[in-house]
Amino acid sequence: MILHKGEILFRQGDEGLFLYHIKSGLFKVTRLHENGNMVLFNILYPGEMVPHHSLISPKETHGTAIALMRSEVEAIPAQEWYRELQEDPKKPLEVARLLQEKVRFMQERLDHLTVGTPAERLALLTKWLGQHANGIPLTEYLTQEEIGQLIGVRRETVNRLLRHHQ
């Protein structure tokens, strides 16, 4: 299925009737906390199978996935996925590889958050997202607030960095 910028793949709290294979595009995953704070906590990219926490057993979705650009996704019925997991001896290794890839991605993101200056973190984020964004500038699909959440700085700092970078 094709989703366009702003369309929702799944919502926080959904039952998880499907798993999704991201074929192209990018999605931001946000979570609304009880105190009203909305936090961007993940970026989904091509090759991922999501939700990650439901690859072995079902669980309601932890956040809302919103397309950042035109994206293609394969929806896989959850019951079919879990049945294959039981019946196909190769499927558990596939899940392990998917989870390993996500752990490696998270390690890379943590490295990006702990490297030197905010300008360096912004450059690393821009470079990484650029691999999947088909030439679309970062500020076309993420707000300054969201960029700040991804690099660990306030929106004002992102604004200053972007002005300086132009």
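## Cores, sheet and helix packing in a predicted model

The largest nonpolar core of this predicted model has 22 residues, and those with the most contacts inside it are L26, I43, L129, Y141, L142 and I147. A nonpolar core is a set of buried Ala, Val, Leu, Ile, Met, Phe, Trp, Tyr and Cys residues joined through side-chain atoms within 4.5 Å; buried means under 20% relative accessible area, exposed over 50% and partly exposed in between, with a 1.4 Å probe and protein chains only. Two or more residues each are given to this core by β5, α3 (118-130), α4 (144-151) and α5 (155-165). The largest share, 4 residues, comes from α3. Apart from this core lies another, of 12 residues, among them L9, F10, I22 and A65.

Residues are numbered from 1 along each chain as its sequence is written. In this predicted model local features need pLDDT of at least 70 and side-chain atom pairs count only at pLDDT 80 or more, while totals for chains, interfaces and linings use all residues; side-chain values use heavy atoms, leaving out hydrogens and water.

Helices (H or I, at least four residues) and strands (E, at least two) are DSSP runs, numbered from the N terminus. An open sheet of 4 strands has the order β2-β7-β4-β5 with antiparallel pairing, where two strands pair if DSSP finds at least two bridges between them. β2 (8-10) and β5 (38-44) stand at the edges with a single partner strand each, so one side of each lacks a neighbour in the sheet. The twist averages 30 degrees from one strand to the next; axes are lines fitted to C-alpha atoms, for helices over the stretch in contact, and angles run from 0 to 180 degrees between N-to-C directions. β2 is joined to the antiparallel strand β7 (residues 64-67) by 2 bridges, and I8 stands opposite I66 in β7.

Contact means heavy atoms within 4.5 Å, and the lists do not count residues up to four places away in sequence.

| Residue | Residues touched |
|---|---|
| I43 | L26, F27, K28, E48, L68, K102, F105, W128, L129, L142 and L150 |
| T30 | Q12, M38, V39, L40, F41, G63, T64 and I66 |

T30 lies in strand β4 (residues 27-32) and is buried, with a relative accessible area of 6%.

Among the helices, the axes of α3 and α5 come within 10 Å and cross at roughly 75 degrees. The two helices α3 and α5 are therefore roughly perpendicular to each other, a term for angles of 65 to 115 degrees. P118, A119 and L122 in α3 meet T157, L161 and L162 in α5.

Conventions. Parallel < 35°, antiparallel > 145°, perpendicular 65-115°, else oblique.
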